[in-house]
Amino acid sequence: MRAALDQAERAAAVDEVPVGAVLVGEDGKLLAAGHNQPIGACDPSAHAEIVVLRAAARRLGNYRLPGTTLYVTVEPCTMCVGAIVHARVARVVYGAAEPKTGAIESAHRLFESGEFNHKPLVTGGVLAGECAAILSAFFAAKRGR
């Protein structure tokens, strides 16, 4: 999660919402790292999770990423949950809950619907305070401008 937080800092440095993610393989080795970049990339789907899944899929030459663990600083949204399912990510570890758009345990509980053909293991709240603090500081600075 520390590596994902580093990515969130990189997002904030380029004035993107500070969400970071990393994907590691079964062996614990880093496959991809990234951060939110929808503004810079002019791509509404360029959430940190999607950026990382795309990079790892290209690296491995396969859109399926079984056995991997996705670490992300904020609870994934509906779009990202869909990508996680399609990629067959084995485990999702996230930091801060996202009460407005979180699609795992907060606003929506998509994996509990029983409608997906894949359900990763989920661990939430890892370094939640630090993950939430970077978001709070970013938006406080935005409001102060």
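Colleague: Where does Gly125 have its place, and why is Gly125 counted as partly exposed?

Modeller: Gly125 sits in the loop between strand 5 (121–123) and helix 5, where helices (H or I, at least four residues) and strands (E, at least two) are DSSP runs numbered from the N terminus. Its relative accessibility is 43%, and since buried means under 20% relative accessible area, exposed means over 50%, and partly exposed covers what lies in between (1.4 Å probe, protein chains only), Gly125 counts as partly exposed. In space, the C-alpha of Gly125 is 8.1 Å from that of Val93, although the two are 32 residues apart in sequence.

Colleague: What do these values rest on?

Modeller: This is a predicted model, in which local features need pLDDT of at least 70 and side-chain atom pairs count only at pLDDT 80 or more, while totals for chains, interfaces and linings use all residues. Residues are numbered from 1 along each chain as its sequence is written, and side-chain values use heavy atoms, with hydrogens and water left out.

Colleague: Why is the pair of Lys142 and Asp15 called a salt bridge?

Modeller: A salt bridge is a side-chain nitrogen of Lys or Arg within 4 Å of a carboxyl oxygen of Asp or Glu, and the closest N and O atoms of Lys142 and Asp15 are 2.8 Å apart, so the pair meets the rule. The pair links distant parts of the chain, with Lys142 in helix 5 and Asp15 in the loop between helix 1 and strand 1, 127 residues apart. Lys142 is partly exposed at 31%, and Asp15 is partly exposed at 31%.

Colleague: How many salt bridges does the rule give, and which residue does Arg54 pair with?

Modeller: The count comes to 4 salt bridges. Arg54 pairs with Asp43, the N to O distance being 3.2 Å; Arg54 lies in helix 3 (residues 48–60) and Asp43 in the loop between helix 2 (38–41) and helix 3, so the pair ties together parts that are 11 residues apart in sequence. Arg54, at 37% relative accessibility, is partly exposed, as is Asp43 at 21%. Among the others is the bridge between Arg109 and Glu112, with the closest N and O atoms 2.9 Å apart; Arg109 is partly exposed at 43%, whereas Glu112, at 52%, is exposed.

Colleague: What lies 3.2 Å from a polar atom of the side chain of Glu16, and which backbone oxygen does the side chain of Asn36 reach?

Modeller: The backbone nitrogen of Ile39 lies at that 3.2 Å from Glu16. A polar contact is a pair of N or O atoms within 3.5 Å, where within protein one must be able to donate a hydrogen and the other to accept it, and residues adjacent in sequence count only if both atoms are side-chain atoms, so the Glu16 distance falls inside the limit. The side chain of Asn36 reaches the backbone oxygen of Val17 at 3.4 Å. Asn36 is found in the loop between strand 2 (30–35) and helix 2 and is buried, with a relative accessible area of 9%.

Colleague: Which residues lie nearest the centre of the largest pocket, and what does its lining hold by class?

Modeller: Val17, Val19, Val74, Glu98 and Thr101 lie nearest the centre, among 19 lining residues. By class, the lining has 12 nonpolar, 3 polar and 4 charged residues.

Conventions
1 Å grid on protein atoms, 1.4 Å probe; cavity = no way out; pocket = protein on both sides within 12 Å on 5 of 7 lines; lining within 4 Å. Nonpolar A, V, L, I, M, F, W, Y, C, P; charged D, E, K, R; others polar.
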